[in-house]
Amino acid sequence: MLLIAALVVTFLVAPLLATLVQAAYGDPRSGLGAHRAPPGYSVTMAVGGAVLVLFVAFWRGALARVPLAFAVVFCVAMVGLPIAMMLHETVATEHGLSLAAWSQILATDVDRLQLRYSLQLGLCATMIAGVFGFGHAWLTTRTDLPFASVLAPLGVLPLVVPPILVAMGFADLIDASGFWVCAALLGTSYAPFVAVLTGRGLASIDGRIYEAAWIARGRGAADRMLLRSIRPEIAAGLLFAFVFVISEHGVPEFLTVKGKTWHTYAEGVFARWTRRATGTGHSALVSPIVAAVPLVVVIAIALALALRFRADTALRADPQPLPERTLGRWRWPALLLPVVYLSAGVGVPVLVMTRWAMGSTQLNEPMSADVLRRSFQSAIEQGGGDLANTVLLAVLATVLLIAVSVPLARAAARRARWIDHLSILPLAVPAVLLTIGFVKVYNTAPLGRVYDRIGFDFYDSLGIVGCAYAARFLPFGVLTLSHAMRRIPRSVDEAARISGRGPVARGLRIHLPLAFPAIWSAICLAFVLGLRELDTAVVLPGGNDTVVRRLSNIVHFGGEDTGGALALMLLAAACFLPLLTLLVTGRKLRPLS
């Protein structure tokens with residue numbers, strides 16, 4: 001209770017005192033007086049409140065609750081407030097509360113057509129993701145496919161490549177304006193969700209059960225039993241892929257520039273946001289938010305089903321590996337599926353970016369190693385700052401995500417399973433819409449005056465972008481870690497309490513080592529997703545100085561040689577943590593689950 005009181009002092013009383021001080025000293029811009037408040041008084045109060053929280057925590061032995069308190073405050077500030085602010089604006093008018101703006105949902109033929117295109121694109125891309133993801137996992141895990149031990153962990157590799165790079169790679173080779181090309185690009189980019197979850201499901205099945213079914217009913221019945229057992233994992237992977245496809249804005253927008261004549265619903269929402277300043281009425285101003293409601297509903301239903309399937313997955317301890325199935329004469333032809341999958345998701349974009357960096361788009365001189373060297377030099381000179389910002393944002397988002405996810409996942413694993421369901425809220429809201437909520441909350445006149453006084457503009461900084469990234473990826477951290485922490489027997493907690501160690505010591509010396517493999521997987525995943533995030537960077541000013549934002553502008557402003565070199569450096573940075581894991585542990589890489 002004292003910790004809660006300290007938080008109230010920090011986040012409620014301190015701002016009230018700041019307001020009173022401002023009123024006492026006056027603010028020249030507000031007409032309250034001719035004097036300015038003491039410089040840095042807001043920072044002093046914030047720091048004082050934080051010190052008070054820590055003091056109370058130490059005093060009452062409640063330091064172990066500080067991480068959970070921080071996680072709750074972060075979720076409220078970076079998820080709850082943006083969503084609540086957007087909902088409030090849709091009903092708050094100058095004449096009072098009104099639902100008139102909601103009557104515009106799917107009111108035009110264009111909106112209904114864009115939603116239909118989005119659903120069709122989502123379903124087709126998900127089918128392609130299922131073929132690639134399930135096929136890759138099944139062939140490399142269950143059969144005697146050549147090079148299966150090497151190909152199996154590579155199923156997650158297309159997740160490292162930003163979807164915009166996959167689109168740029170294929171657009172350089174073929175006409176990429178068609179519907180099926182867009183579906184294939186997005187399906188390939190998000191097939192790793194299906195591949196990883198299918199592989200995890202297959203690894204959790206006890207081979208002895210499969211062999212017993214084989215002996216009793218035959219191979220066909222045993223395979224059907226196996227498919228039924230991993231069906232929840234496959235369905236969850238397909239639904240996650242569907243969610244990302246229908247909320248994707250960057251790739252459809254890029255292909256529109258390349259000649260695509262049809263538009264998705266996410267493109268329509270972003271177009272309304274860019275034109276909002278031309279609106280004169282309340283309905284026009286809030287139309288980007290209201291228009292996104294059908295998309296949010298579809299995504300929420302898909303995520304709810306994904307969590308339901310995920311909850312049906314049993315936790316199995318120490319399963320025996322499944323027996324390897326012989327492909328016979330199809331052994332080498334079957335290799336075509338993983339080769340096509342990895343070539344489309346990784347090989348083509350890397351090849352095209354390398355060709356760009358070597359000067360394939362230049363007319364005055366042929367491709368050469370010298371052009372490649374100059375391209376990398378130019379990329380460092382012109383885009384080195386963008387690359388540093390991108391890596392910094394990924395690191396910041398990863399640190400915030402782990403700091404928030406660990407206490408939430410631990411609470412979810414212990415007693416509050418509803419935290420798992422609430423954690424998907426940032427994923428249920430398309431990235432563009434969630435970021436619009438950040439603009440509504442943190443780009444206001446009162447906060448602008450606060451930014452001026454403390455000398456730091458949070459809205460224009462990389463800090464808000466890092467927070468938006470962490471909020472966007474929160475479901476991956478919480479769901480991954482809560483699943484791992486449920487595998488830790490409760491007897492471990494009981495033995496740790498009996499040992500007499502304090503809560504902090506128990507967390508650092510007992511629980512952290514047990515959960516560290518899952519934490520490291522979440523770190524790698526968050527870092528990779530932070531490097532490739534585009535939809536969030538498009539809306540926030542701080543996101544303009546990132547590599548993915550620069551690459552998305554190549555289609556308008558040129559500079560393919562420098563952009564190709566930057567893309568290759570970005571991919572190298574994305575592979576850093578997985579390769580570091582391989583070098584330090586000496587173990588085979590496994591897909592992130």
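Mentor: Helices are DSSP runs (H or I, at least four residues), numbered from the N terminus. This is a predicted model, in which local features need pLDDT of at least 70 and side-chain atom pairs 80 or more, while totals for chains, interfaces and linings use all residues. Residues are numbered from 1 along each chain, and side-chain values use heavy atoms, without hydrogens and water.

Trainee: Which residues gather in the patch of positive charge on the surface?

Mentor: Such a patch joins like charges within 9 Å, from residues with over 30% relative accessible area (Shrake-Rupley, 1.4 Å probe) and no salt bridge. Here Arg217, Arg224, Arg228 and Arg231 gather, and helix α9 (residues 219-246) gives the largest share, three residues, with Arg224 found in that helix.

Trainee: How many salt bridges does the whole structure hold?

Mentor: Side chains of opposite charge can pair when their charged atoms come close. With a Lys or Arg side-chain nitrogen within 4 Å of an Asp or Glu carboxyl oxygen as the criterion, the search finds 10. Among them, Asp109 pairs with Arg112, their closest N and O atoms 2.2 Å apart; because these residues lie three apart in helix α4 (residues 109-142), about one helical turn separates them.

Trainee: Which residues lie nearest the centre of the largest cavity?

Mentor: A cavity is a set of 1 Å grid points where a 1.4 Å probe fits but cannot get out, lined by residues with an atom within 4 Å of a point. Tyr190, Glu248, Arg532, Glu533 and Asp535 lie nearest, among 15 lining residues.

Definitions and conventions. Patches are made of residues with over 30% relative accessible area and no salt bridge: like charges are joined within 9 Å, nonpolar side chains (Val, Leu, Ile, Met, Phe, Trp, Tyr) within 5 Å. Lys and Arg count as positive and Asp and Glu as negative; His and the chain ends are not counted. The place of a charge is taken as NZ of Lys, CZ of Arg, CG of Asp or CD of Glu. Helices (H or I, at least four residues) and strands (E, at least two) are DSSP runs, numbered from the N terminus. On a 1 Å grid over the protein atoms alone, a cavity is a set of points where a 1.4 Å probe fits but cannot get out, and a pocket is an open set with protein on both sides within 12 Å along at least five of seven lines; lining residues have an atom within 4 Å of a point.
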